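Student: I have not worked with this structure before, and I would like to learn how to read it feature by feature. Could we go through it together, with the general idea of each feature before the case at hand?

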Amino acid sequence: MTADPHANRISPLAGFAGVSDARLDVREIPFLRQTNVRADPARLLPAWADRLPLAPGTWRRSGETDILYLGPDEWLAIGDLTPVPAEPRADTARRVGQDDVILTDVSAQRTIARVAGPGARDLLAHGCALDLHPSVFGPGRCAQTMLARAQVILMARERDEFWILVRASFARYLAAWIADAAVDY
Amino acid sequence: MLLIPCPWCGPRDEAEFHYGGQAHVAYPADPAALTDEEWARYLFFRDNPMGPFSERWNHTSGCRRWFTVTRDTTTNAITPETSR
């Protein structure tokens, strides 16, 4: 018997009904692949330098993948990351060098809540100390911060749409907070 | 609440950070050669100035990187320090 390995998986917010009205739309985007990318930005191979955002606090779309710049030597790719072909390596025992790119699958670490609509910024501002004005945190920006005391990655997308990447264990708490805060809208 | 300038993320609330104590405390070159008193001084004794104080902070809720700032202990005015 060949069982689909994905048939029985349950997303962290499977029980979250979401919010949907004229000013606000909140729902989970489950099961997107997430890959942590560690590399020295000064030693990137051209194939990588073309794909990774290199300005702090920004993300960019690269093919089918959104890549967020998290820290000086750390990125997070959302979506299937097609690997850059690596040089064949004769010495498999070689230690990780400074020009290597290290990929770690962290898909299960966080789930994504999509918050969209004209009320999205006001909703997030209830629990987030960052300035979310479009002139400061417009499309293409991302930040790691606290939302309602939970650590999240905020990602500003087109037209008042935000993706909130929240740790799986905090997801239900944050969803409950969002549902409560959304009563105002 | 302090507003701490993370070199990577920009100014953020103090609640996002973890305090790391005095900066520029060098590990002894030859720890085995220290007397117990010298070792205890290295481990536990820190400056407690009234005025500028170099200290380590970790942006735990953000980029998770350590950095050093100078904080004036009388005014809490924080200025960035370039060394990491």
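Student: How many helices and strands are there in chain B?

Tutor: Before counting, keep in mind that this is a predicted model, in which local features need pLDDT of at least 70 and side-chain atom pairs count only at pLDDT 80 or more, while totals for chains, interfaces and linings use all residues. Residues are numbered from 1 along each chain as its sequence is written, chains are lettered from A and ligands numbered from 1 in the order in which they are written, and side-chain values use heavy atoms, with hydrogens and water left out. Helices (H or I, at least four residues) and strands (E, at least two) are DSSP runs numbered from the N terminus, and by that rule chain B has 1 helix and 6 strands. Along the sequence of chain B they follow the pattern β-β-β-α-β-β-β.

Student: What percentage of the residues of each chain count as buried?

Tutor: A residue is called buried under 20% relative accessible area, exposed over 50%, and partly exposed in between, using a 1.4 Å probe and protein chains only. In chain A, 46% of the 185 residues count as buried, and in chain B the figure is 33% of 84 residues.

Student: Which residues have the most contacts inside the largest nonpolar core?

Tutor: A nonpolar core is a set of buried Ala, Val, Leu, Ile, Met, Phe, Trp, Tyr and Cys residues joined through side-chain atoms within 4.5 Å. The largest one has 31 residues, and A:Leu24, A:Val115, A:Leu147, A:Leu154, A:Ile164, A:Leu174 and A:Ile178 have the most contacts inside it. Several elements of chain A each supply at least two of its residues, including strand S8 (110-116), helix H2 (120-125) and helix H3 (168-181). The largest share, 6 residues, comes from H3(A). A second, separate core of 13 residues includes A:Trp59, A:Leu76, A:Ile78 and A:Ile112.

Student: Which residues does A:Leu154 touch?

Tutor: Contact means heavy atoms within 4.5 Å. Leaving aside residues up to four places away in sequence, A:Leu154 touches a set of residues that includes A:Leu124, A:Cys128, A:Phe137, A:Trp163 and A:Ile164. On the scale of whole chains, residues 24 or more positions apart account for 60% of the contacts in chain A with a separation of 6 or more, and in chain B 47% of the contacts between residues at least 6 apart join residues at least 24 apart.

Student: In what order do the strands of the open sheet in chain A lie?

Tutor: Strands of a sheet pair through backbone hydrogen bonds, either parallel or antiparallel. Two strands count as paired if DSSP finds at least two bridges between them. The open sheet of 6 strands in chain A has the order S1-S2-S8-S11-S10-S9, with antiparallel pairing. Strand S1 (19-20) and S9 of chain A stand at the edges, each with a single partner strand, so one side of each is left without a neighbour in the sheet. Within this sheet, S8(A) and S11(A) are joined by 7 bridges, and A:Ala116 has A:Glu161 in S11(A) as its bridge partner.

Student: How many residues lie between S1(B) and S2(B) in their hairpin?

Tutor: The hairpin of S1(B) and S2(B) has 3 residues between the strands. Strand S1 (residues 3-6) and strand S2 (residues 10-13) of chain B pair in the antiparallel sense over 4 bridges, and the partner of B:Leu3 in S2(B) is B:Asp13.

Student: Is A:Ala148 buried or exposed?

Tutor: A:Ala148, in the loop between S9 and S10 of chain A, is buried, with a relative accessible area of 5%. Although it is not a glycine, A:Ala148 has a positive phi of about 50 degrees. A:Asp160, in the loop between S10 and S11 of chain A, likewise has a positive phi, of about 55 degrees, without being a glycine, but A:Asp160 is partly exposed, with a relative accessible area of 28%.
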